[in-house]
Amino acid sequence: MSYELIAISIFFSMMAMLLTGQRIFGAIGGVATVFALLLWGEGAADMPFHASFILLNWYPLLTLPLFIYMGYMFSESGIADDLYRMFHVWMGPLRGGLALGTIGVMTAVAAMNGLSVAGMAIGCTLALPEMLKRKYDKIMISGVIQAGSSLGIMIPPSVVLVLYGMIARQNVGRLWMAGVFPGLLMSGMFALYIIVRCWLQPHLGPALPAEERRMPWGQKFRLLSAGILPLLIIFSMTGLFLGGVTSLVECSAVGATVTTLAAVFKRRLTGKVLVDTLRNTLSVSCMFMWVILAALAFSAVFDGLGAVHAIEILFLEKWHLSPWGIMIMMQVSYLFMGTFLDDTAMLVIVAPLYVPLVIKLGFNPIWYGVLYTITCQIAYMTPPFGYNLFLMRAMAPPEITLADIYRSIIPFVFVMIIALAVVMVFPQIALWLPNWYFGK
Amino acid sequence: MPKAIRIYVRYVEAANKAIGVVSMYLIFGMMGVLLYESLFRTILNEPHIWVVETAQFIMAAYYLVGGGYSMMLDSHVRMDLLYSKWSPKGQALADSLTSLLLGFYLVLLIIGGFAGTKYALVYGQVNYTPWAPRLAPIKIIMTFGMVMMLLQVIAQFFRDLARARGKTIP
């Protein structure tokens, strides 16, 4: 059997195993070990364990549980409540104002943590009931929360960019900086979409009634101070890191500590909040780590088969694609796989195959990291696979059905694809800030 | 289900829960070590060589030893495109079949773990860093976590088998 054929059969066995509904890490790890033993015999028996040592030596991976901890501490302790109230009062009078406020909160939350789970939890517990009460269209609500929470992986700090940085051997500081403007661009595009849509169809997002808006200006301005605490958290983390005071991993520890202190300061840190946060952190960290562990074993098998070279030959010599053709092929294949695979697993399996090719073709790997992250956001949104779908299903009230959740993401996915195209055509949106900062 | 199996499931789950609840707190260990270092380095200008590895070791222990408990919490995501449409019995049947593959993966992890631990013990392997800590202790902890994970997967397998036959293990 040729190597290409083996690679294809491994890939399809993995897909088949995933379809059985076994836990992702079990399906990927199992297929990897079976094929490793078939291909290389006993010598491959150490390979799965070896992957655990690669993980141990990946220092930036330490940020993962710490960011997860921060996100849960943030949402469980209700520090976000005041922030949401601030946006609620200031944006309420507009049509679709609460939806805009939700995007605002999500952008702020994204700047305070590196994953989308926290945004999702805050969106479902805070924004969702408020918007339902104000007779917002349920498809609009579900779409706004999912699209908003997806910003978490783009706006720094970003765990996806940390992982990408490890795999592509790129500087995480540059990657984080490159994520700032594309993240804000997307947030702005979401807001624009909401404004236009609610202006055309006011029933989707009615403005708050006048009596609810009546609030003395003094109180309105006092609410603005709710934004100070998040700024403090953002500075203690991203600020210290980008300022070069603390290292990447240290900044996540500082951020986790500051968030805990903020919860204490706000008198919100009860025993239950602490234990729930710790249990959820362990649960989600284990999920990620075991998936990465299995995906590393899988990609070792792929690597051993020379898949990087095979893909290069396929794209360049068999299909005669131009560099841009390859770039678009890669994004399309990511989007396609994203609908099947978990995005962490996808990153560990596919990025090592594509990144060397990207660099060889003369594209900027930092810029590509941003494109990859946008694709990840889209993959995260699209069914059948996405944490947002699990979370939404678990947290949303029964009147929001699964079909509503699926339908709600469509317009936002279009907006994201436009954003992807914009960043592809204008790389400066991503690259200007890191180039300016690092003085290139 | 025979009594021996029920006892096995009960003890393994109790053990994994206890271990998991303890390992939950390891995240404070990571935070503490890193915070200590950032304070000492930035304020007192006194870096330490043991910090990075200590934090890494805690991390490895955290997710591997906590693994069994995470199985109990059902935290591991599945691709449930088809799975979610099956009856609970069908899901249990599918799980009990496919967890054989999962078990196979874990067995190989553990084989590698034992081999690695043995090597580290016999040759007194140290890490290639200035601090050069011995690797045997962390390898033992990691392998222990993997064994506990396998025991939990087996317990889960018994549960699924019982559910597939329309029974439950208390």
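Helices here are DSSP runs of H or I with at least four residues, numbered from the N terminus. This is a predicted model, where local features need pLDDT of at least 70 and side-chain atom pairs count only at pLDDT 80 or more, while totals for chains, interfaces and linings use all residues. Residues are numbered from 1 along each chain as its sequence is written, chains are lettered from A and ligands numbered from 1 in the order in which they are written, and side-chain values use heavy atoms, with hydrogens and water left out.

**View 1. Where chain B meets chain A.** Here 62 residues of chain B touch 63 residues of chain A, contact meaning heavy atoms within 4.5 Å. The two chains bury about 5700 Å² between them, with 76% of it on carbon and sulfur atoms. Buried area is the accessible area (1.4 Å probe) that two parts lose on being put together, summed over both. Look for B:Tyr63, B:Met79 and B:Tyr105: they supply 15% of the area that chain B buries against chain A, more than any other three residues.

**View 2. A salt bridge across the interface.** The rule finds one salt bridge between chain B and chain A; the term means a side-chain nitrogen of Lys or Arg within 4 Å of a carboxyl oxygen of Asp or Glu. The partners are B:Arg41 and A:Glu250, at 2.8 Å from N to O. H5(B) gives the most, with 14 residues. Sorted by type, chain B's side has 39 nonpolar, 16 polar and seven charged residues. For that sorting, Ala, Val, Leu, Ile, Met, Phe, Trp, Tyr, Cys and Pro count as nonpolar, Asp, Glu, Lys and Arg as charged, and the others, Gly among them, as polar.

**View 3. A nonpolar patch on chain A.** A:Phe181, A:Leu184, A:Trp432, A:Trp436, A:Tyr437 and A:Phe438 make up this surface patch, with about 630 Å² of accessible area together. Patch members have over 30% relative accessible area and no salt bridge, and nonpolar side chains are joined within 5 Å. The areas come from the Shrake-Rupley method with a 1.4 Å probe. Helices H10 (172-200) and H23 (428-437) of chain A each supply at least two of the residues. H23(A) brings the largest share, three residues, and A:Trp432 lies in that helix.

View 4. A:Lys138 and A:Asp404 form a salt bridge, their closest N and O atoms 3.2 Å apart. A:Lys138 lies in helix H8 and A:Asp404 in helix H21 of chain A, so the pair ties together parts that are 266 residues apart in sequence.

View 5. The peptide bond from A:Pro156 to A:Pro157 is cis, with omega near -5°. A:Pro157 sits in the loop between H8 and H9 of chain A. Over in chain B, B:Asp74 has a positive phi of about 55°, although it is not a glycine.

Terms used: Patches are made of residues with over 30% relative accessible area and no salt bridge: like charges are joined within 9 Å, nonpolar side chains (Val, Leu, Ile, Met, Phe, Trp, Tyr) within 5 Å.
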